[in-house]
Amino acid sequence: MGKFFKVALMGTAVALFAWGCSKEKPETDPQPKTAEAPVDSSLNLEALIADTLSADSLARLEAERLEAERARLEEMINRIMVEDVYFDYDRSDLTENAKRLLAQVAEILVNETRFIVTVEGHTDARGTEDYNISLGARRSTVVRDFLIAYGVDGNRLMSVSYGKERPKVLGSDESAYSKNRRAHFRVSIANIE
């Protein structure tokens, strides 16, 4: 019985040891866990917008953006084309008013490089056809040269003379003549892709 008791006692001790070893001990993490930082929602704002909006909404927004750009360009073109540069009788030098106007036009052209401009030179009805074509050419050239000196790329500027062929105002008095002695702008938009 002593032998049986010793074996039983040893078996119990081994069983207790095995049972103690089988219990899971709490894990200790050398680096304590911290609460996760909230994700900055502005980081993926474009992705969120793209995911949220339907293709129709995106197409509508793009169409609105293009229309706004078209309206902006049209307004700028109208600002250029509404005003003419006027000249004194039989002259092609720029007046102070003409220089102020051309500075405004040049600012637009320097900032909007898609614009291609034709400067048209015009005269009143007095004088010969050849003389008026020559005078109109001098007027359109002096305007073109001013814009180039201001910083506009000369490759975007063309000049042409119509002489007395295209009067702005019909009539044979000084009031009509003064409105026909001018340089006029024609603006188009270059296709830049």
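Trainee: What should helix α3 (residues 55-82) span at 1.5 Å a residue?
Mentor: Its 28 residues should span 40 Å. The end C-alpha atoms are 40 Å apart, so the model agrees with that. Keep in mind that this is a predicted model.

Trainee: Which residues of α3 are buried?
Mentor: They are S57, L73, M76, I77 and I80.

Trainee: And what covers them?
Mentor: The cover includes helix α4 (96-111), along with strands β2 and β4.

Trainee: Let's step back. How many helices and strands are in the chain?
Mentor: Six helices and four strands. Along the sequence the pattern reads α-α-α-β-α-β-α-β-α-β.

Trainee: In what order do the strands sit in the sheet?
Mentor: The order is β1-β4-β2-β3. The sheet is open, and its pairing is mixed.

Trainee: Why is one side of β1 and of β3 left without a neighbour in the sheet?
Mentor: Because β1 (85-86) and β3 (157-163) stand at the edges. Each has a single partner strand.

Trainee: What about helix α5, which strands does it touch?
Mentor: Helix α5 (residues 129-150) packs on the sheet and touches β1, β2, β3 and β4 (182-189). Its direction makes about 155° with that of β3.

Trainee: Back to the pairing. Do β2 and β3 pair in the parallel or antiparallel sense?
Mentor: Parallel, over six bridges. Here β2 covers residues 115-122. For a landmark, find E120: V160 in β3 stands opposite.

Trainee: How many bridges do β2 and β4 pair over?
Mentor: Eight, in the antiparallel sense. Look for V117, which stands opposite V187 in β4.

Trainee: And what joins β1 to β4?
Mentor: Two bridges, and those strands run antiparallel. Y86 has R182 in β4 as its bridge partner.

Trainee: What holds paired strands together, in general?
Mentor: Backbone hydrogen bonds.

Trainee: New topic: N132. Where is it?
Mentor: In helix α5.

Trainee: Is N132 buried or exposed?
Mentor: Buried. Its relative accessibility is 1%, and the cut-off for buried is under 20%.

Trainee: Which side chain does N132 join in a polar contact?
Mentor: That of T123, at 3.4 Å. Setting aside residues up to four places away in sequence, N132 touches several others, among them D124, R126, S161 and K164.

Trainee: Now K99. Which helix holds it?
Mentor: Helix α4. K99 has 33% relative accessibility, so it counts as partly exposed.

Trainee: What is K99 in contact with?
Mentor: L94 and F146, leaving aside neighbours within four places in sequence. K99 and L147 are 48 residues apart in sequence, with their C-alpha atoms 9.8 Å apart in space.

Trainee: What share of the chain's contacts links residues 24 or more positions apart?
Mentor: 76%, taken among contacts with a separation of 6 or more. As for burial, 26% of the 193 residues count as buried.

Trainee: Last thing, confidence. What is the mean pLDDT of the chain?
Mentor: It is 81, and 73% of the residues reach 70 or more.

Trainee: Which element has the lowest mean?
Mentor: Helix α1 (residues 2-22), at 54. Helix α5 has the highest, at 97.

Trainee: How should I read coordinates where pLDDT is low?
Mentor: Not in detail.

Notes. Residues numbered from 1 in each chain as written. Predicted model: local features only at pLDDT ≥ 70, side-chain atom pairs only at ≥ 80, totals over all residues. Heavy atoms only, no water. Pairing = 2+ DSSP bridges. Contact = heavy atoms within 4.5 Å. Axes fitted to C-alpha atoms, helices over the stretch in contact; angles between N-to-C directions. Expected span 1.5 Å × (residues − 1). Buried < 20%, exposed > 50% of the residue type's maximum accessible area, 1.4 Å probe, protein only. Polar contact = N/O pair within 3.5 Å; in protein donor to acceptor, adjacent residues only side chain to side chain. pLDDT = per-residue confidence, 0-100.
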